[in-house]
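Subject: Handing over the structure, with notes

Dear colleague,

Here is the structure that I promised to pass on to you. Please open it alongside this message and keep it in view while you read.

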Amino acid sequence: MKVTFEHRLDEKKVARQARSAQTWEQKVCLIERMKEQLGSWKKPSKSSIASKSQA
Amino acid sequence: MEKTLEVLNRLEVSGLIGRYAIGGAVAAAYYVEPTVTYDLDVFTVIPGASHLIDLSPIYAQLKAWGYQEQGAGVEIEGWEVQLLPAPGLLEEAALEDAIEKPFHDVPTRILSAEYLCAIMLKTGRPKDLIRLAQFLEEGVLNKRGFMGILDRFSLLGKWNQFVLRHYDGQEPDFPIS
């Protein structure tokens with residue numbers, strides 16, 4: 001994933017919002033937004049890790 | 001996340017899982033500043049399970065409802081849900097002590113800050129210890145309750161190591177109540 005200047009600005013904005021979020025619901029909403037931002041990055045599955053380590 | 005929790009509640013009502021409570025980063029976000037996570041960690045008891053825990057009936061029901069396995073869990077309404085059968089007495093006690101905390105209007109439970117931190121200390125991965133330090137620094141732990149749990153579950157040695165490594169052996173201040 002290519003991180004652009006806009007991404008950085010957005011990350012800073014989300015970080016500011018994270019500090020000011022008060023309720024659990026607001027915080028989870030922010031987590032969901034962060035997930036969306038990082039959408040193209042997927043946590044590697046255990047099987048893909050295993051196949052890489054065998055390679 | 002409401003829809004995800006509704007599915008978990010359906011699983012609990014169906015009897016496929018017993019009492020459940022949210023742990024991990026999503027529960028931590030209730031107490032401290034949130035951090036990004038892809039997983040929803042759900043501690044639960046599996047009715048009738050002994051040493052051999054079989055999650056396949058749960059996965060089969062979830063599949064029947066249209067949810068597929070993903071990574072180490074099941075993708076439910078945008079969250080990768082990891083069902084974690086309580087692996088020991090600490091986690092069982094944490095489940096019993098879990099707090100009723102509706103998310104919007106959906107009933108659910110989260111682990112208490114003290115049990116959450118005790119589990120982080122027990123697990124001991126770098127990200128758990130960073131989060132534990134975050135709890136301490138944000139002053140959300142009840143010291144008496146937390147130390148009582150550490151004593152009860154033989155985690156004082158790990159606590160002392162943590163204090164030595166992260167606080168130069170000086171026990172951090174946190175509220176006593």
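Predicted model: local features only at pLDDT ≥ 70, side-chain atom pairs only at ≥ 80, totals over all residues.

Residues are numbered from 1 along each chain as its sequence is written, and chains are lettered from A and ligands numbered from 1 in the order in which they are written.

**Confidence**

The model scores ipTM 0.84 and pTM 0.82. Within chain B, confidence is lowest in strand β3 (residues 69-70), where the mean is 88, and highest in strand β1 (residues 20-22), at 98.

**The two chains**

Chain A has three helices and zero strands, in the pattern α-α-α along the sequence, whereas chain B has eight helices and seven strands. Helices (H or I, at least four residues) and strands (E, at least two) are DSSP runs, numbered from the N terminus. A residue is called buried if 20 or more other C-beta atoms lie within 10 Å of its own, exposed if 12 or fewer do, and partly exposed in between, with the C-beta atoms placed from the backbone. By this count, buried residues make up 11% of the 55 residues in chain A, and 36% of the 177 residues in chain B.

The C-alpha trace of chain B spans about 55 × 35 × 30 Å along its principal axes.

**Two domains in chain B**

Chain B is divided into domain 1 (2-111) and domain 2 (114-167), with bounds that come from an automatic or database domain assignment. The C-alpha centres of these two domains of chain B lie 23 Å apart. Two residues are in contact if their C-beta atoms, placed from the backbone, lie within 7 Å, and in this sense 12 residues of domain 1 of chain B are in contact with 11 residues of domain 2 of chain B. On the domain 1 side, the elements that give two or more residues are α2 (24-31) and α4 (89-96) of chain B, and α4(B) gives the most, with five residues. The residues of that side divide into nine nonpolar, one polar and two charged, where Ala, Val, Leu, Ile, Met, Phe, Trp, Tyr, Cys and Pro count as nonpolar, Asp, Glu, Lys and Arg as charged, and the others, Gly among them, as polar.

**The core**

A nonpolar core is a set of buried Ala, Val, Leu, Ile, Met, Phe, Trp, Tyr and Cys residues joined through C-beta atoms within 7 Å. The largest such core has 54 residues, of which Leu111(B), Leu116(B), Cys117(B) and Ala118(B) touch the most other members. Its largest share, eight residues, comes from helix α5 (residues 113-123) of chain B. Both domain 1 and domain 2 of chain B give residues to this core, so it lies between them. Setting aside residues up to four places away in sequence, Leu111(B) touches several residues, including Ala21(B), Phe43(B), Ala94(B) and Leu116(B).

Helix α5(B) is mostly covered, since nine of its 11 residues are buried, and the elements that cover these buried residues include α2, α4, α6 (126-137), α7 (143-152) and α8 (156-167) of chain B.

**Two backbone details**

Most residues other than glycine have a negative phi. Glu77(B), although not a glycine, has a positive phi of about 50°; Glu77(B) lies in the loop between β4 (73-76) and β5 (79-85) of chain B, and counts as partly exposed, with 15 C-beta neighbours inside 10 Å. Asp168(B), also not a glycine, has a positive phi of about 50°; Asp168(B) lies in the segment after α8 of chain B and is exposed, with 7 other C-beta atoms within 10 Å.

With best wishes

Definitions and conventions: pLDDT = per-residue confidence, 0-100.
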